[in-house]
Amino acid sequence: MLALRNVDVVFDGVIQVLRSLSLEVRPGQVVALMGGNGAGKTTTLKAVSSLLAAERGAIVSGQVLLQGQDLTNADPGDVVRGGTVQVMEGRRVLHHLTVEQNLRVGAHFRGERAEVAADIDEVYGYFPRLKDLRERTAGYLSGGEMQMLLVGRALMARPRLLLLDEPSMGLAPRIVHELFERVAEVRARRSMSVLLVEQNARAALRIADHGYVMENGRIVLHGSRDELERNEDIREFYLGLGGAQGRRSYREVKHYKRRKRWLG
Ligand SMILES: Nc1ncnc2c1ncn2[C@@H]1O[C@H](COP(=O)(O)OP(=O)(O)OP(=O)(O)O)[C@@H](O)[C@H]1O
Ligand SMILES: [Mg+2]
């Protein structure tokens with residue numbers, strides 16, 4: 001479905017943010033991209049959706065392939081028409097429009113009225129709360145409701161690849177759980193793939209088939225959900241299970257463990 005091959009991203013001609021980054025999302029898969037602040041997760045999504053140019057960034061080497069088609073530094077409109085939709089960080093709903101108007105905006109690139117109406121019903125099926133709030137001004141929704149609206153709006157474009165940037169940020173665990181359950185349900189019903197960027201590794205791995213961990217613009221670890229959940233370092237430093245060293249980087253942990261072994 002999606003493949004990044006040795007992608008290097010540079011901003012302003014000099015600031016290198018992604019370094020030889022490779023990852024893959026197979027058809028129908030949910031893939032989690034995890035890592036701390038500034039690791040390069042959002043930049044990776046922007047490389048896929050071709051939103052780097054707006055920030056004077058570019059892929060300077062490597063390739064982005066979507067269903068075999070080369071979309072490296074492509075026109076962002078072509079990416080959307082090709083079936084990729086990104087839900088940005090930070091709850092960007094259209095504040096002055098109602099919930100339902102926000103959903104309609106998501107179908108902007110599509111013509112068919114009857115299908116749009118059916119899709120709005122489908123979205124209300126996933127998120128009944130949005131149906132109750134359909135006439136509300138979106139700017140007054142709670143954080144959780146806004147995030148549901150953003151996912152709903154993205155679904156209105158009938159994406160084949162959905163890019164989600166930290167949807168769990170600032171939400172109560174119960175809301176995160178519900179949101180992710182819905183994402184998993186949609187993925188199963190429609191043939192859709194998901195690239196899910198998250199710092200909340202525990203929540204992300206619950207619905208992901210495969211995961212990647214990033215640090216300093218590089219992938220430092222990847223594997224199936226089971227492999228990652230079994231990995232001791234992941235358990236300690238990203239899932240907060242066991243260990244008492246506090247939250248350091250994955251690289252530091254490796255280093256620390258090696259030293260500990262040497263020193264006995
Ligand atoms: N337009 C830009 N120009 C220069 N540097 C940038 C630009 N965008 C991002 N960066 C830098 O690239 C690095 C990665 O940023 P990015 O937003 O991809 O991280 P992230 O993993 O999404 O972090 P967070 O979890 O905080 O959202 C950071 O050091 C950031 O300062
Ligand atoms: Mg980010």
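A residue counts as near a molecule or strand if its C-beta atom, placed from the backbone, lies within 6 Å of it. This model is predicted: local features need pLDDT of at least 70, side-chain atom pairs count only at pLDDT 80 or more, and totals for chains, interfaces and linings use all residues. Residues are numbered from 1 along each chain as its sequence is written, and chains are lettered from A and ligands numbered from 1 in the order in which they are written.

**Ligand shell.** Ligand 1 is surrounded by 14 residues, the closest being F11, N37, K41, T42 and T43. Two or more residues come from each of strand 2 (15-25) and helix 1 (41-49). Helices (H or I, at least four residues) and strands (E, at least two) are DSSP runs, numbered from the N terminus. Helix 1 gives the largest share, 3 residues. The shell divides as follows.

| Class | Members | Residues in shell |
|---|---|---|
| Nonpolar | Ala, Val, Leu, Ile, Met, Phe, Trp, Tyr, Cys, Pro | 4 |
| Charged | Asp, Glu, Lys, Arg | 2 |
| Polar | the others, Gly among them | 8 |

An open sheet holds 4 strands in the order 2-1-4-5, with antiparallel pairing. Two strands pair if DSSP finds at least two bridges between them. Strand 2 and strand 5 (69-70) are the edges, each pairing on one side only. Strand 1 (residues 2-11) is joined to strand 2 by 7 bridges. Across this pair, V9 stands opposite L18.

**Helix 3.** In helix 3 (residues 99-106), V99, E100, N102, L103 and G106 are buried (20 or more other C-beta atoms within 10 Å of their own, C-beta atoms being placed from the backbone). Seen down the helix axis, these buried residues fall within an arc of 155 degrees (taken from the directions from the axis to the C-beta atoms), so they line one face of helix 3. Their cover includes helix 4 (113-126), helix 5 (128-132) and helix 6 (143-155).

Notes. A residue is buried if 20 or more other C-beta atoms lie within 10 Å of its own, exposed if 12 or fewer, and partly exposed in between; C-beta atoms are placed from the backbone. Two residues are in contact if their C-beta atoms, placed from the backbone, lie within 7 Å.
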